[in-house]
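Subject: Structure handover and notes

Dear colleague,

Please find below the structure that I promised to pass on to you.

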Amino acid sequence: MVNAWAIQRDPELWDDPTSSKPERFEQGKETSDLIYKLMPFGLGRRACPGMVLAQHVLWSTLGPLIQCFEWERVGEKIIDMTERQGLTMPKLEPLEATCRQDSSGRSCLLSF
Ligand code: HEM
């Protein structure tokens, strides 16, 4: 069994592996061998058959949530990213956040 958890946190493979840096996935960065370093859907014959569906759903749900809203944590406390055990690696402390419609005037996929 492949230990994807360890591979995804290996400092020899990732710059500052435990920090949230979405920009690391921008084109041209971290793209070589990404499929073997990240493996969100597994690899090979037993890889996830729902990958394409999942990616489309993610684009159409997460995209508008990020693009159309401004998000803030509740209170001043830094968000604790500690994981608890479970199949999908849930957070130990559930995430609490507030959002409001983006006021920057950027175009948004959704109209209200
Ligand atoms: C973000 C969403 C998803 C993630 C991250 C994900 C991830 C994974 C991973 C890591 C595996 C194990 C692959 C392996 O053993 O190497 C898997 C297996 C599987 N996934 Fe997904 N999956 C997602 C969504 C879906 C969806 C939407 C479906 C179906 C509509 C699906 C159906 C399956 C099935 C049936 C297997 C078992 C494949 C087998 O054992 O042959 N998954 N998935």
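This is a predicted model: local features need pLDDT of at least 70, side-chain atom pairs count only at pLDDT 80 or more; totals for chains, interfaces and linings use all residues.

Residues are numbered from 1 along each chain as its sequence is written, and side-chain values use heavy atoms, with hydrogens and water left out.

The secondary structure of the chain comes to three helices and two strands, in the order α-α-α-β-β from the N terminus on; helices (H or I, at least four residues) and strands (E, at least two) are DSSP runs, numbered from the N terminus. Of the 112 residues in the chain, 9% are buried, where buried means under 20% relative accessible area, exposed over 50%, and partly exposed in between, with a 1.4 Å probe and protein chains only.

The largest pocket has a volume of about 2400 Å³. A pocket here is an open set of points on a 1 Å grid over the protein atoms alone, where a 1.4 Å probe fits, with protein on both sides within 12 Å along at least five of seven lines, and its lining residues have an atom within 4 Å of a point. Grid points are joined across faces, edges and corners, and the volume is the space filled by probe spheres set on the points. The largest pocket is lined by 44 residues, of which Gln 8, Phe 25, Leu 38, Met 39 and Pro 40 lie nearest its centre. Helix H1 (4–7), helix H2 (34–38) and helix H3 (51–68) are the elements that give two or more residues to this lining, and the largest share, seven residues, comes from H3. By class, the lining has 24 nonpolar, twelve polar and eight charged residues; Ala, Val, Leu, Ile, Met, Phe, Trp, Tyr, Cys and Pro count as nonpolar, Asp, Glu, Lys and Arg as charged, and the others, Gly among them, as polar. At least three lining residues come from each of domain 1 (1–48) and domain 2 (50–111), with bounds from an automatic or database domain assignment.

A polar side-chain atom of Arg 46 lies 2.7 Å from an oxygen atom of the ligand.

Pro 40 lies in the loop between H2 and H3 and is exposed, with a relative accessible area of 57%; its C-alpha atom is separated by 9.0 Å from that of Met 51, eleven residues apart along the chain. Met 39, in the loop between H2 and H3, has a positive phi of about 50° although it is not a glycine, and counts as buried at 11% relative accessibility. Asp 16, in the loop between H1 and H2, has a positive phi near 50° and is partly exposed at 34% relative accessibility.

Lys 37, in helix H2, is buried, with a relative accessible area of 9%.

Best regards

Key:
A polar contact is a pair of N or O atoms within 3.5 Å; within protein, one must be able to donate a hydrogen and the other to accept it, and residues adjacent in sequence count only if both atoms are side-chain atoms.
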